[in-house]
Amino acid sequence: MKLSADAIWLATAAVDMRTGIDGLSLHVQQALGRPPCDGTAYVFANRRRTRLKLVCWDGTGVWMCQRRLHRGQFAWPQVDDVCWQMSAEQWQWLVTGVDWQRLCAPAPAQWRL
């Protein structure tokens, strides 16, 4: 999915995938402490990390998109923060099911054979 949001934030805690636009917008306000209509895309995952939901305000209304993997899991940050910002390139890897955290890791300082 090509995303034209100002920023992309992952909510690190799992959410119930039955939650709709209003519930996720409320979660953005209360749990993340951010305004849901600021042009930022907010991404949520279920507990098993097999489904994603994205909510984004485009200036006219709120978009909500869902993505499901048939095999495997989405790579998700294991951090103590309630939300985590990612780049557009990381987003592209995430939605394809690739471990974007490994792709962005720096190469080891010394290689040994």
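A residue is called buried when its relative accessible area is under 20%, exposed when it is over 50%, and partly exposed in between, with a 1.4 Å probe and protein chains only. The model is a predicted one, in which local features need pLDDT of at least 70 and side-chain atom pairs count only at pLDDT 80 or more, while totals for chains, interfaces and linings use all residues. Residues are numbered from 1 along each chain as its sequence is written, and side-chain values use heavy atoms, with hydrogens and water left out.

**The whole chain**

Begin with the protein chain in a cartoon view. Its secondary structure comes to three helices and five strands; here helices (H or I, at least four residues) and strands (E, at least two) are DSSP runs, numbered from the N terminus. Followed from the N terminus, the elements run β-α-β-β-β-β-α-α.

Next, switch to a surface view. The accessible surface of the protein chain is about 7500 Å², and 50% of this belongs to carbon and sulfur atoms; such areas come from the Shrake-Rupley method with a 1.4 Å probe, and for residues only the protein chains shown count as cover. Of the 113 residues in the chain, 36% are buried. Contact means heavy atoms within 4.5 Å. Among the contacts in the chain with a separation of 6 or more, 57% are between residues 24 or more positions apart.

**Strand E3 and Lys-53**

Select Lys-53, which lies in strand E3. Is this residue buried or exposed? Lys-53 counts as buried because its relative accessibility is 6%.

Move to Arg-49, in the loop between E2 and E3. Its phi is near 60°, a positive value in a residue other than glycine. Arg-49 has 15% relative accessibility and therefore counts as buried.

Thr-50 is found in the loop between strand E2 (41-45) and E3. With 14% relative accessibility, Thr-50 is buried too. Which residues is Thr-50 in contact with, leaving aside its neighbours within four places in sequence? They are Arg-67, Arg-68, Leu-69, Gly-72, Gln-73 and Phe-74.

**The cavity**

Select Ser-25, Val-28, Pro-36, Cys-37, Tyr-42, Val-55, Cys-56, Trp-57 and Val-62, which line the largest cavity. Helix H1 (21-30) and strand E3 (51-57) are the elements that give two or more residues to this lining, and E3 supplies the largest share, three residues. A cavity is a set of points, on a 1 Å grid over the protein atoms alone, where a 1.4 Å probe fits but cannot get out, and lining residues have an atom within 4 Å of a point. Grid points are joined across faces, edges and corners, and a volume is the space filled by probe spheres set on the points. The count is one cavity of 30 Å³ or more, and the largest cavity holds about 40 Å³ of space.

Colour the lining by class: eight residues are nonpolar, one is polar and none is charged. In this scheme Ala, Val, Leu, Ile, Met, Phe, Trp, Tyr, Cys and Pro count as nonpolar, Asp, Glu, Lys and Arg as charged, and the others, Gly among them, as polar.

In helix H1, select Leu-26. Leu-26 is partly exposed, at 41% relative accessibility. Its C-alpha lies 7.9 Å from that of Pro-36, 10 residues away in sequence.

In helix H2 (residues 88-95), select Trp-91. Trp-91 is buried, with a relative accessible area of 4%. Trp-91 and Leu-10 are 81 residues apart in sequence and 9.8 Å apart from C-alpha to C-alpha.

**Salt bridges**

How many salt bridges does a search of the whole structure find? It finds two, a salt bridge being a side-chain nitrogen of Lys or Arg within 4 Å of a carboxyl oxygen of Asp or Glu. Select Asp-16 and Arg-18, whose closest N and O atoms are 2.7 Å apart. Asp-16 is partly exposed at 37%, whereas Arg-18 is exposed at 75%. Finally, select Asp-38 and Arg-34, which form a salt bridge at 3.7 Å, N to O.

Methods: On a 1 Å grid over the protein atoms alone, a cavity is a set of points where a 1.4 Å probe fits but cannot get out, and a pocket is an open set with protein on both sides within 12 Å along at least five of seven lines; lining residues have an atom within 4 Å of a point.
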